[in-house]
Amino acid sequence: METQSIADIGIKQNPFSPGLMQYQNKATKALYRRVVGALAWPRDIRPGALVVLVEHQEPMSGLDMRKVEIAAEYTHDDPDQLLRRASLWSEVLSCRAWMTPVSAPEMRLVTDYNDGRRRLRLHQLDLALPPSVNGSRDWAAYDRLFERRTRGVKTLFFGEGSMVAREYKSRQRAELSRSLELYPLLAAFLWALASIDLDSPVTAMGQGITRQTSNGPADDIGGY
């Protein structure tokens, strides 16, 4: 299943920060500071998921926070379909950073998938470990990032028909003690959100990107 509310996104040089890239919605011309995606593998009866978030370039009017919204969501039982969709969104949404637990057994599938793309001279998927929240990657720790952006001043927006919004509303607080990976859609969403709120912006390096730092406030305008 897929929901997508944002059109194609292009990437270009930020005129105010040499070496730093910015992103533009080709339909609305809105500028984004970054585009981040996350991949969560199928677990039990729940399909795997991809979630892509965008962080707007400028702070929200009258606030020292930037707006974050969901650009696209996708769920599927087949890991190969998840990888294919991630490659597609790497291109059409300029989402070159994908967060996922790199120690997961399914990473061998990524290795085989990237090997096949390398032989075809296609862009490979670049996956990285989601940042921790004060050393923790538990669901409850990531949930605090969600709370900061939805309680009081709202800086996180889901869009119409969002699967993530519907899934979050259906969860009980007691479930926060369970493994986040058991809920792939929420895991992908929270890993991407953690990258936006805890990682520094990425710098363009040739055709790919390199994470500058991890586990530190994104900057003075981090959205929390």
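The cover over the buried residues of α3 includes β6 (66–76), β9 (156–157), α4 (163–170) and α5 (184–198). Contact here means heavy atoms within 4.5 Å. Helices (H or I, at least four residues) and strands (E, at least two) are DSSP runs, numbered from the N terminus.

Before going on, this is a predicted model, where local features need pLDDT of at least 70 and side-chain atom pairs count only at pLDDT 80 or more, while totals for chains, interfaces and linings use all residues. Residues are numbered from 1 along each chain as its sequence is written, and side-chain values use heavy atoms, with hydrogens and water left out.

Back to α3, which spans residues 139–150. This helix has twelve residues and reaches 16 Å from its first C-alpha to its last, close to the 16 Å expected at 1.5 Å a residue. That expected span is 1.5 Å times one less than the number of residues. Which residues in α3 are buried? They are Trp139, Ala141, Tyr142, Asp143, Leu145, Phe146, Glu147 and Arg149. Buried means under 20% relative accessible area, exposed over 50%, and partly exposed in between, with a 1.4 Å probe and protein chains only. Just after α3, Gly152 takes a positive phi of about 75°.

Now the aromatic rings. The structure holds seven aromatic pairs. Rings of Phe, Tyr and Trp (its six-membered ring) pair if their centres lie within 6.5 Å; planes under 30 degrees apart count as stacked, over 60 as edge-to-face and the rest as tilted. Phe146 and Tyr168 make a stacked pair, at 4.0 Å centre to centre with 10° between the planes. Phe146 lies in helix α3 and Tyr168 in helix α4, so this pair ties together parts that are 22 residues apart in sequence. Both Phe146 and Tyr168 are buried.

Phe146 also pairs with Phe189, this time edge-to-face: 6.2 Å centre to centre, 80° between the planes. That pair links distant parts of the chain, with Phe146 in helix α3 and Phe189 in helix α5, 43 residues apart. Why does Phe146 count as buried? Because its relative accessibility is 11%. For Phe189, the relative accessible area is 0%. Phe146, Phe158, Tyr168 and Phe189 form one aromatic cluster.

Another ring, Phe157, has charges over it. Lys67 lies over the face of Phe157, at 4.8 Å from the ring centre. The charged end of Lys154 sits over the ring of Phe157 too, 5.3 Å from its centre. The criterion is NZ of Lys or CZ of Arg within 6 Å of the ring centre and within 35 degrees of the ring normal.

On to the cores. A nonpolar core is a set of buried Ala, Val, Leu, Ile, Met, Phe, Trp, Tyr and Cys residues joined through side-chain atoms within 4.5 Å. The largest has 38 residues, and Leu53, Phe189 and Leu190 touch the most other members. β4 (31–40), β5 (48–59), β6, α3, α4 and α5 each supply at least two residues of this core. Its largest share, twelve residues, comes from α5. Apart from it lies another core of 26 residues, among them Leu39, Trp41, Ala86 and Leu125.

Last, the overall figures. The protein has five helices and eleven strands. Of its 224 residues, 52% count as buried. Among contacts with a separation of 6 or more, 62% are between residues 24 or more positions apart.
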